[in-house]
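Could you walk me through this structure while I have it open in my viewer? I would like to know what to select next and what is there.

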Amino acid sequence: LQRARPLDERSFRVHFYLGLTLIELNRLEEAETALKLSYQLGGPHKAASAHLYLASIYSKRGQNKQAVDELESYLHDSPKAANAARVRDAITNLKSKL
């Protein structure tokens, strides 16, 4: 994925999947950067899921306020998402830790 990025720097998918891979490798700062860029390039209709993974990163770091913000942004972008109820539950859980 690192090598694919220069082939299409404007592809939100390349940055999105790179971000997911970096999370798995526990390279959270790099993953955060890739996911933010993915969202920038893809916007709310194509890359709303980036918010879920950013929330995961922030949650792993104990940054619960930032995780809540990302989950709320996800629901704002995708209010009718199939997982909306679970996301709302996660928000409630994280807010209880603030």
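Helices here are DSSP runs of at least four residues, numbered from the N terminus. With that in hand, select Ala 55, which is found in helix H3. Keep in mind as you go that this is a predicted model.

**Stop 1: Ala 55**

Ala 55 has a relative accessible area of 5%, so it is buried. Now show its surroundings, leaving out residues up to four places away in sequence: Ala 55 touches Ala 67, Glu 70 and Leu 71. Gln 66 is eleven residues from Ala 55 along the chain, and the C-alpha atoms of the two are separated by 7.0 Å.

**Stop 2: the aromatic rings**

Next, show the side chains of Phe 16, Tyr 17 and Tyr 53, which ring pairs link into a cluster. How many aromatic pairs does the count come to? With ring centres required to lie within 6.5 Å, the count is two aromatic pairs. One of them is formed by Phe 16 and Tyr 17: this pair is edge-to-face, at 5.3 Å centre to centre with 80° between the planes. Phe 16 also pairs with Tyr 53, again edge-to-face, at 5.7 Å centre to centre and with 80° between the planes.

Tyr 17, at 45% relative accessibility, counts as partly exposed. Tyr 53 is partly exposed too, with a relative accessible area of 34%.

**Stop 3: around Phe 16**

Leaving aside neighbours within four places in sequence, Phe 16 is in contact with Leu 35, Ser 38, Ser 49, Ala 50 and Tyr 53. For a distance to check in your viewer, pick the C-alpha atoms of Phe 16 and Leu 37: they are 8.0 Å apart in space, while the residues are 21 apart in sequence.

**Stop 4: H1 against H2**

Now colour H1 and helix H2 (residues 28-47) separately. The two pack at an angle of about 145°, and their axes are 7 Å apart. The crossing of H1 past H2 is left-handed. Which residues make the contact? On the H1 side, select Phe 12, His 15, Phe 16, Leu 18, Gly 19, Leu 22 and Ile 23. On the H2 side, the residues include Leu 28, Ala 31, Leu 35, Ser 38, Leu 41 and Lys 46. Colour the contact residues of H1 and H2 by type and you will have twelve nonpolar, four polar and two charged.

**Stop 5: Asn 26, between H1 and H2**

Move to the loop between H1 and H2, where Asn 26 is found. If you check its backbone, phi of Asn 26 is near 60°, a positive value in a residue other than glycine. Asn 26 counts as exposed because its relative accessibility is 56%.

**Stop 6: Glu 32**

Glu 32 is your next selection, in helix H2. Is this residue buried or exposed? Glu 32 has a relative accessible area of 14%, so it is buried. Look for its side-chain partner: a polar contact of 3.0 Å joins the side chains of Glu 32 and Arg 61. Not counting residues up to four places away in sequence, Glu 32 touches Leu 54, Ile 57, Tyr 58 and Arg 61.

**Stop 7: the loop between H4 and H5**

Finally, go to the loop between helix H4 (64-77) and helix H5 (84-95), and select Asn 83 there. Asn 83 is buried, with a relative accessible area of 16%. Leaving aside its neighbours within four places in sequence, Asn 83 is in contact with Leu 52 and Tyr 74.

Ser 78 lies in the loop between H4 and H5 as well, and this residue is buried, with a relative accessible area of 17%. To end the tour, draw a line between the C-alpha atoms of Ser 78 and His 45: the residues are 33 apart in sequence, and the line spans 8.0 Å.

Key: Residues are numbered from 1 along each chain as its sequence is written. This is a predicted model: local features need pLDDT of at least 70, side-chain atom pairs count only at pLDDT 80 or more; totals for chains, interfaces and linings use all residues. Side-chain values use heavy atoms; hydrogens and water are left out. Rings of Phe, Tyr and Trp (its six-membered ring) pair if their centres lie within 6.5 Å; planes under 30 degrees apart count as stacked, over 60 as edge-to-face and the rest as tilted. Buried means under 20% relative accessible area, exposed over 50%, partly exposed in between (1.4 Å probe, protein chains only). Axes are lines fitted to C-alpha atoms, for helices over the stretch in contact, and angles run from 0 to 180 degrees between N-to-C directions. A crossing is left-handed if the near helix is turned anticlockwise from the far one by less than a right angle, and right-handed if clockwise. Contact means heavy atoms within 4.5 Å. Ala, Val, Leu, Ile, Met, Phe, Trp, Tyr, Cys and Pro count as nonpolar, Asp, Glu, Lys and Arg as charged, and the others, Gly among them, as polar. A polar contact is a pair of N or O atoms within 3.5 Å; within protein, one must be able to donate a hydrogen and the other to accept it, and residues adjacent in sequence count only if both atoms are side-chain atoms.
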